[in-house]
Every structure is written in C-alpha cells, then in structure tokens.
Amino acid sequence: MIRPLILALAALTLTGTAHAAPRRIVSLNVCADQYLIALADNGQIAALSSNALDPELSAAADKARGYRTLRRASEEVLAIRPDLILGYPIGPNMVAGAPPGQWTTLGLASADNYDAIEDQIRQVARAVGHVDRGEKLIAQMNRDLAALPKAKRGGVAAYYQRRGYMTGTGTLVDDLMHRVGLTNLAAKLGKPALAQVPLEAMVAARPDWLIVESGSEAVVDQGTEMLQHPAIKSIPRISLPQSWTVCGGPAYVQAARAIVAQLGAPRSKSTAQLGAPRSKGTARQNAPR
C-alpha cells in the first residue's frame with residue numbers, strides 16, 4: 001500500500017503562504033462531504049463519498065445531489081487526479097499504484113465537540129482556498145447557537161440505541177447535551193464513549209429523557225424492539241436523525257435546535273420524528289446494527 005503524504009497543506013498551515021486554490025477536490029467520507037459542500041465552489045468538487053446521497057448517514061444528502069459520488073474509489077481517484085483529497089487517512093489499497101506524494105491530503109479526526117468543529121471548518125476553508133467562507137460559517141453558527149432559547153426542562157438524558165448501546169462522555173452527543181443543559185446518564189454511571197447498558201440497568205437508572213434515532217419507534221427487529229419495551233416506554237423521547245450527530249459539522253446547530261425544541265414541547269409530542277429515518281448503517285459512536 002502506498003501512503004500519500006501531507007505536503008502542501010502542512011506548509012500552508014504552518015507558514016500561511018498563499019497557494020492556488022485546488023481545482024479538483026475529492027472527499028472520501030460523509031464527514032468531509034459536509035465541509036466541502038459548505039465551503040468550496042461547485043466547480044471545485046470533483047467527487048463526494050459513496051454515502052454522500054444517503055440521508056440516513058449524510059446531513060448534506062440533499063445538497064449533494066448533482067455531484068459525482070465515488071463507487072470504486074481506488075480506480076476513480078486515480079482517474080480524477082485530484083489536487084486535494086479530504087478524509088485522510090486513506091484506507092488500504094485506496095490509491096494503489098499512485099506515486100508517493102501524488103496528492104495533497106487533509107485528515108479530519110473525529111470532531112467530538114464544538115471547538116473541534118470550528119477548527120475543522122477553518123482547516124477545510126484554508127485548504128480549499130476560501131478562508132472567508134469558513135469564518136462566515138462559524139460566525140453564523142455561533143449566532144444561531146447564541147439565539148437558542150433556554151430549554152424549558154432539563155434533567156438526565158441517555159442517548160440510547162438499538163441493542164442497548166448508550167453514547168457516553170467525550171462524544172459529540174455528550175457535548176450537545178451539555179450545551180442544552182442536560183446531564184448525560186453515561187457520566188453518572190461512569191460509562192465510556194460507547195457502552196452496552198442492559199434494559200434492567202436503564203430501568204433502574206430511570207433517566208428523565210431518552211435521546212433516540214429518528215424512526216426507532218418502529219419495531220423492525222430485536223435491536224429496536226427493546227427500545228419499545230413497556231419498562232421504558234413511558235420515558236419521554238427526544239428524536240434526532242443519526243446523520244446530525246454521526247459527524248461534526250454545520251448539522252450541529254440543527255441538532256441543538258431540535259433538542260431544545262423537544263425539551264420545550266408538550267410531553268405527548270416529544271417523540272415526534274425530525275428529519276431522516278433510522279439508519280441501517282453503522283456509524284461512529286453509534287450502536288452496532
């Protein structure tokens with residue numbers, strides 16, 4: 001496997017030297033897709049990831065229509081010959097046959113809090129040659145978050161998923177909970193970023209809220225059936241599309257706004273669906289399907 005090198009971008013980041021904006025940019029995952037669509041010119045985007053059009057995984061699925069999406073990434077990336085690849089590290093054999101240092105690449109680590117999202121916006125904006133757009137996007141997100149009304153109710157919440165998996169501390173979901181005034185049950189129980197919590201333990205903990213993926217109220221298999229068990233059925237639900245929390249990005253504001261709205265809604269409406277249906281795919285910090 002040939003490993004690409006991070007060359008020109010590193011120089012740009014360290015020295016601030018002006019470089020020509022890339023003309024052919026490829027994104028390799030849905031997290032990078034969102035930043036690229038928000039910050040690059042349409043003509044700069046050569047291809048998006050294979051999941052870019054999947055509303056269950058991508059918060060930018062609607063905006064991704066009309067762009068080329070990768071199907072056989074290794075072959076297509078070689079053919080496109082991009083001058084910037086987002087979504088590094090590149091998986092095994094992704095660019096087999098490419099000369100070392102063929103492309104400039106930008107790696108985006110997991111954004112587990114809002115500060116990390118701001119940092120990634122600036123990194124991508126600089127890499128695609130539109131620093132001003134990055135600053136405008138951050139300023140707008142900050143205004144939107146500052147304008148959020150104070151939640152009418154707070155309490156302890158558990159992000160509870162199929163098969164009894166709960167999202168813990170040090171995650172984007174945990175950061176969202178803190179922002180809107182909720183306490184993550186995982187912190188009270190001393191659980192890691194992702195832990196399987198049996199139904200009996202959830203009943204004993206009795207959180208004030210369950211945050212669930214949109215569509216999880218439909219029983220389709222044993223994994224979703226436990227979320228509708230009578231023992232926890234009466235716990236008020238906050239419903240969010242998985243695509244809003246699987247990646248850091250502009251969708252963070254949508255997720256925060258939706259949580260606050262449901263915290264202020266009558267209890268009978270707190271289970272209303274928002275956005276995309278339940279995901280069938282596996283996502284970072286989300287329960288195995």
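Predicted model: local features only at pLDDT ≥ 70, side-chain atom pairs only at ≥ 80, totals over all residues.
In which helix is Gln262 found? Gln262 is found in helix 11.

**Gln262**

With a relative accessible area of 5%, Gln262 falls under the 20% cut-off and is therefore buried. Its side chain reaches the backbone nitrogen of Ser239, at 2.9 Å.

**Helix pairs**

Two packed helices are described by the angle between their axes and the distance between the axes. Both values are listed below for two pairs.

| Helix pair | Residues | Axis distance | Crossing angle |
|---|---|---|---|
| Helix 2 and helix 4 | 30-39 and 114-128 | within 10 Å | roughly 55° |
| Helix 5 and helix 11 | 131-146 and 251-263 | within 10 Å | roughly 5° |

Helix 11, which holds Gln262, spans residues 251-263 and has its axis within 10 Å of the axis of helix 5. The crossing angle is roughly 5°; angles under 35 degrees count as roughly parallel, so helix 5 and helix 11 are roughly parallel to each other. On the helix 5 side, the residues that meet helix 11 are Met141, Asp144 and Leu145. Their counterparts in helix 11 are Tyr252, Val253, Ala256 and Arg257. Sorted by class, this contact has five nonpolar and two charged residues, with no polar ones.

For helix 2 and helix 4, the axes cross at roughly 55°. These two helices are therefore oblique to each other. The crossing in which helix 2 passes helix 4 is right-handed. Helix 2 contributes Tyr35, Leu36 and Leu39 to the contact, while helix 4 contributes Ile117, Gln120, Ile121, Val124, Ala125 and Val128. By class, eight residues in the contact of helix 2 with helix 4 are nonpolar and one is polar, and none is charged.

**Thr183**

Strand 7 runs over residues 182-184 and includes Thr183. Is Thr183 buried or partly exposed? Its relative accessibility is 35%, so Thr183 counts as partly exposed. In sequence, Thr183 and Val156 are 27 residues apart, yet their C-alpha atoms are 4.6 Å apart in space. Val156 is also one of the residues that Thr183 touches when residues up to four places away in sequence are not counted.

How values were computed: Residues numbered from 1 in each chain as written. Heavy atoms only, no water. Axes fitted to C-alpha atoms, helices over the stretch in contact; angles between N-to-C directions. Helix = DSSP H or I, 4+ residues; strand = E, 2+ residues; numbered from the N terminus. Parallel < 35°, antiparallel > 145°, perpendicular 65-115°, else oblique. Left-handed = near helix turned anticlockwise from the far one by under 90°. Contact = heavy atoms within 4.5 Å. Nonpolar A, V, L, I, M, F, W, Y, C, P; charged D, E, K, R; others polar. Buried < 20%, exposed > 50% of the residue type's maximum accessible area, 1.4 Å probe, protein only. Polar contact = N/O pair within 3.5 Å; in protein donor to acceptor, adjacent residues only side chain to side chain.
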